[in-house]
Amino acid sequence: MKVELAKTAGFCFGVKRAVDTVYEQVKLHPEEPIYTYGPIIHNEEVVRDLEQKGVRVIYSEEELKELERGIVIIRSHGVAKKVYDCLERRGLTCVDATCPFVKKIHRIAQEESRKGSHVVIIGNSDHPEVQGIRGWAGENVTVIQSSEDAEGFSPGDKNQQVCIVSQTTFNYNKFKDLVEIIRKKGYDIIVLNTICNATKERQEEAARIAERVDAMIVIGDRRSSNTQKLFEICRNACMNTYYIQTLDDLDMNQLRSVETVGITAGASTPNKIIEEVQSHVRINF
């Protein structure tokens, strides 16, 4: 069997930077309580390992308000401005591991909001990155995820400028389609493609591999938005596409009759898991 591993599989720059930041803080401050605002990464194994080292996950401002002391690490997804304000009021140490590409969107959203623009975020409204961006965009903000959302969109003032940004891990082709729907409405719009280049490259490489193999394996946590999108893209190109979190999820019987297998992984998937899956497939076939 021929096995092709995507070169772009695994940790992206922002995720690696955030994970490394937590481990670094654990080493530097062994006696200090350390928290992450939300799981530092959408990967259960990494989160469990950090918990064993004493790192606790907090999920809300309510939990934040209960902290008396400690270091709070902002994950790569970023957070709304009000969370920074809360940290400052509480006098807690904030270590900001927000991905620089996400930080850039925060600045754009804040600046455009101040100029009076209606900010449109193309992405998943339930995703923490989108919730964080929304928290910098003022009151005139809309999240659009589907063509139905785009068709139904209308700013309060039809003469108001509309600034369109995107979740960094959104599907590039879907982003273009949704922008086109909004553009046809005739509003005064500016479009800023804020999809991370690493995401676009990962999606394009995964699609190319999926088109030429008999089966495709996509590795990543079930909660990982970018992995879910990779799975959708690969499944469109290859019907035999399998979504797994770890090697334990892989049903080897599904690969018995195939000659070529492609492997890719989301931005939150550690290299250790990718290598385990790749090695297992190579050795067993």
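Two strands are counted as paired if DSSP finds at least two bridges between them, and the strands themselves (E, at least two residues), like the helices (H or I, at least four), are DSSP runs numbered from the N terminus. The views below show a predicted model, in which local features need pLDDT of at least 70 and side-chain atom pairs count only at pLDDT 80 or more, while totals for chains, interfaces and linings use all residues. Residues are numbered from 1 along each chain as its sequence is written, and side-chain values use heavy atoms, with hydrogens and water left out.

**View 1. The pairing of strands β2 and β3.** Strand β2, residues 34-37, pairs with β3 in the parallel sense through four bridges. Within this pairing, T36 is placed opposite V57 of β3.

View 2. Four strands, in the order β3-β2-β4-β5, make up an open sheet with parallel pairing. Because β3 (55-58) and β5 (93-96) are at the edges and have a single partner strand each, one side of each is left without a neighbour in the sheet. From one strand to the next the twist averages 30°, where axes are lines fitted to C-alpha atoms (for helices, over the stretch in contact) and angles between N-to-C directions run from 0 to 180 degrees. Helix α1, residues 13-28, lies across β2, β3, β4 (71-74) and β5, and runs at about 170° to β4; contact here means heavy atoms within 4.5 Å.

**View 3. The β-α-β unit around strand β11.** Strand β10 (residues 215-219), helix α10 (residues 225-237) and β11 form a right-handed β-α-β unit, a crossover being right-handed if, with the strands pointing away from the viewer, the path from the first strand over the helix to the second runs clockwise. Strands β10 and β11 run parallel and are joined by four bridges, with V218 opposite Y243 in β11.

**View 4. The two covered faces of strand β11.** In a regular strand the side chains alternate between the two faces of the sheet. In β11 (residues 241-244), T241 and Y243 on one side and Y242 and I244 on the other are all buried, and both faces are covered. Buried means under 20% relative accessible area, exposed over 50% and partly exposed in between, computed with a 1.4 Å probe and protein chains only. Across the protein chain, buried residues make up 54% of the 285 residues.
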